Amino acid sequence: MKQNPLSAAELNELTAGLNRLAHNLWWSWDQDAQDVFNYLSPRGWQNLYHNAVAVLHEVSDYELRVRLQQPDFAERVRKAVRQFDTYLNHQNTWGRQHAPQLLRNPVAYFSAEFAFHETLPIAAGGLGVLAGDHAKSASDLGLGFVGVSLFYREGYFQQTVNHDNWQAEYYTRLNPKNLPLEPVLNDLGEPLVCSVRIASTPVTFHAWRVNVGRVSVYLLDTNREENEPLYRDLTQRVYGGDSSTRVMQEILLGVGGVRLLRALGFEPSTFHMNEGHAAFLTLELAREKMVGGMAFEQAFAATRQECLFTTHTPVEAGHDRFPSGLMSYAAHDLAADLHLPFEALMDLGRVRPGDTAEPFCMTVLALKCARAANAVSELHGQVSRRMWQSLYGASRPEDVPIGHITNGVHLVGWTKGTVRRIWKHHYYEGFPGKTEVDWKADSNSQEFWKHLADPHTISDEEIWALRYKLRRELIEFARRRLLIQGHSISQQDFISFDAFLNPDALTIGFARRFATYKRATLIFDQFENIVRLVRDKSRPVQFIFAGKAHPRDDAGKALIQKIMHLSKFSELKGYLVFVENYDIHTARQMVSGCDVWLNNPRRPLEASGTSGMKTVVHGCLNLSILDGWWREGYDGTNGFAIGDDTNPDNIKEQDERDSANLYRTLTEEVLPAFYNRDANGVPREWIAKIRRAWVTLASRFSTWRMVQDYTRRYYLTK
Ligand SMILES: *Cc1c(COP(=O)(O)O)cnc(C)c1O
């Protein structure tokens, strides 16, 4: 059947639609939209690392016009754009129903890092992932929300491992033109420029807007000609440089962020500080009020009413502390602006005001200047209350006003495409008449996961087949990466490439930042035992590791070195691989393809942990210490626990006990459940656990639930 060619007007409309799609990260959690770009250029989509804007730039206008004349492609584009517009214009949202006042006076969410997608690598780890997922769920919920962060033009580092098995870092420059970023312009169509004073120097900045579905996140950028080189480079790298760079970045984020929001006309009802990095925003809010005529005490009290603080770690290094000398160099303008003596400013960041030996702590500033504060799991709440007891002069930890909201993940965004298609299909079958907008909401409901976990919806055999597929996809991904890494395998190994990883073996994954408290190598403390396990041909086991150590963390790098060494030179060769350059894309492959997700932090230092939450929808089971979220999630039927709800204070004792418990759970619970197969080769008990995990964990540990909790408990209460 011959179709009429599209008119010029129709072509323009579709081209404009494609551009709008590419420039809103909504596509990163919409399958049909991703399929459009993949279909446009499958190789480009892969080579350009799933970057919709870059794919669109690669395809010439001429080709695009010809392609759009193909009815099936035009229809795909129309459908994706239609769904996008339906999403953007959807009126009857949770936010409009439950928090309409935030639509006028939004929540301003400040975070030093945001992780949205692998093409915009401006985050170091879990904190950024949480911020990105918070923004995506705020969009899905239709909440009044605006994000603020920095545009790091070299992002976080890319990781390779050199011939000594030592981590090496390199940086690549991000090109805003090839990213889903839009310059923030003033009324004249020129870049909107604001400024802050840092170390007595006026520093100017412009900003980029990231469209995350319905919400905007603004990234501040000091890379401007009029700035001195030191300040031009301030936003070069995520947590780059030394503590001097750090304090200056934080002044920019806090003070500059508030100024940008004001220049854009925002009147937020709550300023949410995601970690202490943004706490200088409180001083800018107080300054504004003093310009309006208030005295400091009054301004401070009013500022407090506007601010909320989330603390994310009990680990000492996670709390920025700046010595007095550095503060007086970088931040004395802040004191002058508030008409405060410098020591009074310092006291705002001290547990013991007046103690001139005590450095300035960003967490202390945030706690003092927020109307409410929260930790990110129940146990972390207990730990944080003890940690800050003296700051509040409380006689009992229970009296410290720090609550908790347990973290979550953006479920749809974290679900691998292969699985997302299948779950969506079951959703439409089980709940007739539903739409795409409904799916984005209902995939966070326990009803949907109960429906999915029902054997009438999906049989054990189907689940098991899917597990094989996901594991194989991961192994193919890992082998391709090993090939690129080159030195991980020799030429000879390459020829017998299939000797690396076995698509049928129980695959245990571990991927996260290589901070030492996460104890990446703990399982290999039982080296002889583990060698025996992997050598058992009847019940094979294998390990895939990934993760970055902070550039200045030599102890973390030593853990990577140990794993690399074991993977190349020990009896574990072929059964243990390290995939370099951990990022969101690698994370998605791993949390979907592994059978077991290993998490063995030194309790109680893992405030929440989120990577294990990403595994649930894929049917990968958690094997974890009862720390952070898992202490709340584990119920005896939905995964595996290492040890119990206690921990010795002595570190050596704790490591020994945990490694023995880990090995015991692995051999007495995990392996038998995985390898106990019926006549059809299906491990019924294992699959029952997968179903239990869907029902008991998926909706509970989603940011859809988490953002609702923040809204009810904190955003709407003053
Ligand atoms: C989820 C995620 C993390 C956080 O993992 P934890 O288990 O909380 O440490 C870190 N990095 C990336 C890339 C992630 O996707």
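**Figure 1. Separation of domain 1 and domain 3 in the predicted model.** The centres of domain 1 and domain 3, taken over C-alpha atoms, are separated by 37 Å in this predicted model. The domain assignment of the protein chain places domain 1 at 8–89 and domain 3 at 464–686. Domain 2 is assigned two segments, 94–407 and 709–715.

**Figure 2. The ligand between domain 2 and domain 3.** Residues of domain 2 (94–407 + 709–715) and of domain 3 (464–686) both belong to the shell around the ligand, and the ligand therefore lies between these domains. The shell holds 14 residues, among which Trp414, Lys518, Thr610, Ser611 and Lys614 come nearest to the ligand. By residue class, the shell around the ligand divides into 5 nonpolar, 5 polar and 4 charged residues.

Figure 3. Lysine 518 places a polar side-chain atom 2.6 Å from an oxygen atom of the ligand. For lysine 614, a polar side-chain atom likewise lies 2.6 Å from a ligand oxygen atom. Two or more residues of the shell around the ligand come from each of α9 (126–141), α28 (584–593) and α29 (611–615).

**Figure 4. The second largest pocket and its lining.** The space in the second largest pocket amounts to about 230 Å³. Its lining consists of 14 residues, and His90, Asn92, Trp94, Ala441 and Trp704 are those nearest the centre of the pocket. The elements α7 (94–98), α22 (436–442) and α33 (703–715) each give two or more residues to this lining. Of the elements, α22 gives the most, with 4 residues. The lining of the second largest pocket comprises 5 nonpolar, 5 polar and 4 charged residues.

**Figure 5. The cis peptide bond at proline 604.** Arginine 603 and proline 604 are joined by a cis peptide bond, with omega about 0°. Proline 604 is placed in the loop between β18 (596–599) and α29. The helix α29 (611–615) also gives two or more residues to the shell around the ligand.

Figure 6. Tyrosine 239 has a phi near 50°, which is a positive value in a residue other than glycine. The loop in which tyrosine 239 is found runs between α10 (229–232) and α11 (243–263).

Note on methods. Residues are numbered from 1 along each chain as its sequence is written. This is a predicted model: local features need pLDDT of at least 70, side-chain atom pairs count only at pLDDT 80 or more; totals for chains, interfaces and linings use all residues. Side-chain values use heavy atoms; hydrogens and water are left out. Domain bounds come from an automatic or database domain assignment. A residue is near a molecule or strand if one of its heavy atoms lies within 4 Å of it. A polar contact is a pair of N or O atoms within 3.5 Å; within protein, one must be able to donate a hydrogen and the other to accept it, and residues adjacent in sequence count only if both atoms are side-chain atoms. Ala, Val, Leu, Ile, Met, Phe, Trp, Tyr, Cys and Pro count as nonpolar, Asp, Glu, Lys and Arg as charged, and the others, Gly among them, as polar. On a 1 Å grid over the protein atoms alone, a cavity is a set of points where a 1.4 Å probe fits but cannot get out, and a pocket is an open set with protein on both sides within 12 Å along at least five of seven lines; lining residues have an atom within 4 Å of a point. Grid points are joined across faces, edges and corners, and a volume is the space filled by probe spheres set on the points.
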